[in-house]
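Reader: I'm new to this one. Can you walk me through a few residues?
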Amino acid sequence: DAVAILNVVAVLKMTGKKCAEARIAVGGGLPAPVRLTAIEQELAGKTLDAALVESVAGKVAGMIEPTSDIRGSAQYRKQISGVLVRRAIEEAYRNAKGREL
C-alpha cells in the first residue's frame with residue numbers, strides 16, 4: 001500500500017485572470033489537515049503569476065507542524081510542503097483556466 005508523505009489540495013475560482021477565491025489544505029504527516037487561510041487570503045483578488053505562487057509557496061513550511069514517522073521526517077515534510085503547494089496551485093490554475101501559469 002502506498003501512503004503519501006504529505007497531501008495537498010488546492011481549489012481556485014477564477015474571475016478573468018484574477019483569483020476570486022482559493023482553498024488550500026495540507027494533510028497527511030500532520031496531526032490533522034490544515035487549511036492555509038493566510039495563503040488563500042493572499043491569493044484572493046490577485047492576478048496569479050509564477051512570482052506570486054512562488055512567494056506564497058515559500059511561506060508554507062512556517063505554517064505547518066508535521067510529524068516524523070517511518071515515511072518521512074518532519075523536516076523533510078516541511079521542505080517539500082512549499083513545492084507541493086506550488087504544484088497544487090498550478091494544477092488548479094490549469095484546471096480553472098486551461099493553461100499554464
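Reader: What does S81 touch, leaving out residues up to four places away in sequence?
Author: This is a predicted model. In it, S81 touches L6, V60, A61 and I64, with residues up to four places away not counted.
Reader: Where is S81 placed?
Author: S81 sits in helix α3, which covers residues 74-97.
Reader: Is S81 buried or exposed?
Author: Buried. The relative accessible area of S81 is 0%, and the cut-off for buried is under 20%.
Reader: And which backbone oxygen does the S81 side chain reach?
Author: That of K78, at 2.8 Å.
Reader: New topic: E40. Where does E40 lie?
Author: In helix α1, residues 37-43.
Reader: Buried or exposed?
Author: E40 counts as buried, because its relative accessibility is 6% and buried means under 20%.
Reader: Which side chain does the side chain of E40 make a polar contact with?
Author: The side chain of R35, at 2.7 Å. R35 is also one of the residues E40 touches beyond four places in sequence, along with A22, R23 and I24.
Reader: Now A44. Where is that found?
Author: A44 is in the loop between α1 and α2. It is partly exposed, with a relative accessible area of 32%.
Reader: What is A44 in contact with, neighbours within four places aside?
Author: C19 and A20.
Reader: How far apart are A44 and R23 in space?
Author: 9.7 Å, C-alpha to C-alpha. In sequence, A44 and R23 are 21 residues apart.

Methods:
Residues numbered from 1 in each chain as written. Predicted model: local features only at pLDDT ≥ 70, side-chain atom pairs only at ≥ 80, totals over all residues. Heavy atoms only, no water. Helix = DSSP H or I, 4+ residues; strand = E, 2+ residues; numbered from the N terminus. Buried < 20%, exposed > 50% of the residue type's maximum accessible area, 1.4 Å probe, protein only. Polar contact = N/O pair within 3.5 Å; in protein donor to acceptor, adjacent residues only side chain to side chain. Contact = heavy atoms within 4.5 Å.
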